[in-house]
Amino acid sequence: MAKVGIIGSKGRMGQALVDAINEAGLEHAGGVDKGDDIAGLAAASDVLVDFSSAHALETNLAACNFAKKPILIGTTGLEERHHWLIDDAAQDIAVLQTGNTSLGVTMLAALVKEATSRLGTDWDIEIVEMHHRMKVDAPSGTALLLGEAAAAGRYIDLTDNSERGRDGITGARKEGAIGFASLRGGTVAGDHSVILAGNEESITLSHRAENRMIFARGAMKAAIWLMQQKPGRYTMPEVLGL
């Protein structure tokens with residue numbers, strides 16, 4: 001029976017992950033939070049799932065690398081340097097990093113990429129997301145994941161072609177830009193919509209998370225898959241064979 005360790009066990013995803021581990025017939029190896037023994041958990045686990053903080057990522061990767069254990073990273077708010085750390089660790093261990101472990105969101109991203117690859121730049125792309133009032137980063141990791149999918153469909157770089165935080169006299173919308181809008185309130189687990197607005201017609205591709213268990217179940221499917229992989233950096237679409 002595979003042993004799954006949870007990094008960020010006291011967070012909103014912690015209990016959902018425990019439930020998903022039990023549901024999948026796996027063994028819960030334990031959990032750690034800030035200040036706890038991550039090295040000990042890595043040694044006792046077959047795979048680790050990280051939904052903690054971007055600030056802890058370097059330490060978490062180092063512990064997994066030392067123990068030679070794969071790690072799934074669902075932590076959001078990552079910066080460029082964090083991705084460098086992941087690339088470095090992936091030379092020695094299997095690492096799956098994603099802004100969303102939902103299988104539905106993974107499929108949505110594939111649909112977004114397909115749509116944007118076939119529609120011209122006269123179709124404007126807007127990504128709208130809403131989360132609970134306690135979420136601290138914006139846009140959400142899922143919104144950025146969808147933005148990356150849209151950018152990939154057009155063979156452009158998201159960083160150079162995104163528009164955020166519009167306020168005041170902003171001027172006309174840049175053709176080909178990918179816009180983001182972030183809403184916060186209540187206890188919303190996660191709503192995301194990608195709007196493709198053309199001339200006199202529009203398409204909206206959406207996903208609604210009704211419960212955090214969808215992320216936990218997706219994480220377990222990905223963790224089981226990850227344990228069978230060689231060292232390298234992986235994504236959720238690979239889990240689904242997309």
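Author: Gladly, and let's begin with pairing: two strands pair if DSSP finds at least two bridges between them. Helices (H or I, at least four residues) and strands (E, at least two) are DSSP runs, numbered from the N terminus. This is a predicted model, where local features need pLDDT of at least 70, side-chain atom pairs count only at pLDDT 80 or more, and totals for chains, interfaces and linings use all residues. Residues are numbered from 1 along each chain as its sequence is written, and side-chain values use heavy atoms, with hydrogens and water left out.

Reader: Which residue in strand 5 is the bridge partner of isoleucine 73?

Author: Isoleucine 73 has glutamine 97 as its bridge partner in strand 5. Strand 4 and strand 5 run parallel and are joined by three bridges. Strand 5 (residues 94-97) also runs parallel to strand 11, again with three bridges, and there alanine 94 is partnered by glycine 232.

Reader: What is the strand order in the open sheet of six strands?

Author: The order is 2-1-3-4-5-11, and the pairing is parallel. Strand 2 (27-32) and strand 11 (232-234) are the edge strands, each pairing on one side only. From one strand to the next, the twist averages 20°; angles run from 0 to 180 degrees between N-to-C directions, and axes are lines fitted to C-alpha atoms, for helices over the stretch in contact.

Reader: Which strands does helix 1 lie across?

Author: For contact, look for heavy atoms within 4.5 Å. Helix 1 (residues 14-23) lies across strand 1 (3-7), strand 2 and strand 3 (47-50), and runs at about 175° to strand 1. Helix 3 (residues 57-67) packs on the sheet too, touching strand 1, strand 3 and strand 4 (71-73), with its direction at about 165° to that of strand 4.

Reader: Which residues of helix 3 are buried?

Author: Buried means under 20% relative accessible area, exposed means over 50%, and partly exposed is in between (1.4 Å probe, protein chains only). In helix 3 the buried residues are Leu57, Asn60, Leu61, Ala63, Cys64 and Asn65. An α-helix has 3.6 residues a turn, so residues three or four places apart point the same way. The buried residues of helix 3 pack against strand 1, helix 2 (38-44), strand 3, strand 4 and helix 4 (80-89). After helix 3 comes lysine 68, with a positive phi near 55°.

Reader: Which members of the largest nonpolar core touch the most other members?

Author: A nonpolar core is a set of buried Ala, Val, Leu, Ile, Met, Phe, Trp, Tyr and Cys residues joined through side-chain atoms within 4.5 Å. The largest one here has 30 residues, and Leu17, Val49, Leu72, Leu96 and Met220 touch the most other members. Two or more residues come from each of strand 1, helix 1, strand 3, strand 5, helix 7 (213-226) and helix 8 (236-239). Helix 7 gives the largest share, nine residues. Another core of 19 residues lies apart from it, and includes Ile7, Ala42, Leu57 and Val95.

Reader: At what angle do helix 1 and helix 7 pack?

Author: Their angle is about 50°, and the axes are 8 Å apart. Angles under 35 degrees count as roughly parallel, over 145 as roughly antiparallel, 65 to 115 as roughly perpendicular and the rest as oblique. Helix 1 and helix 7 are therefore oblique to each other.
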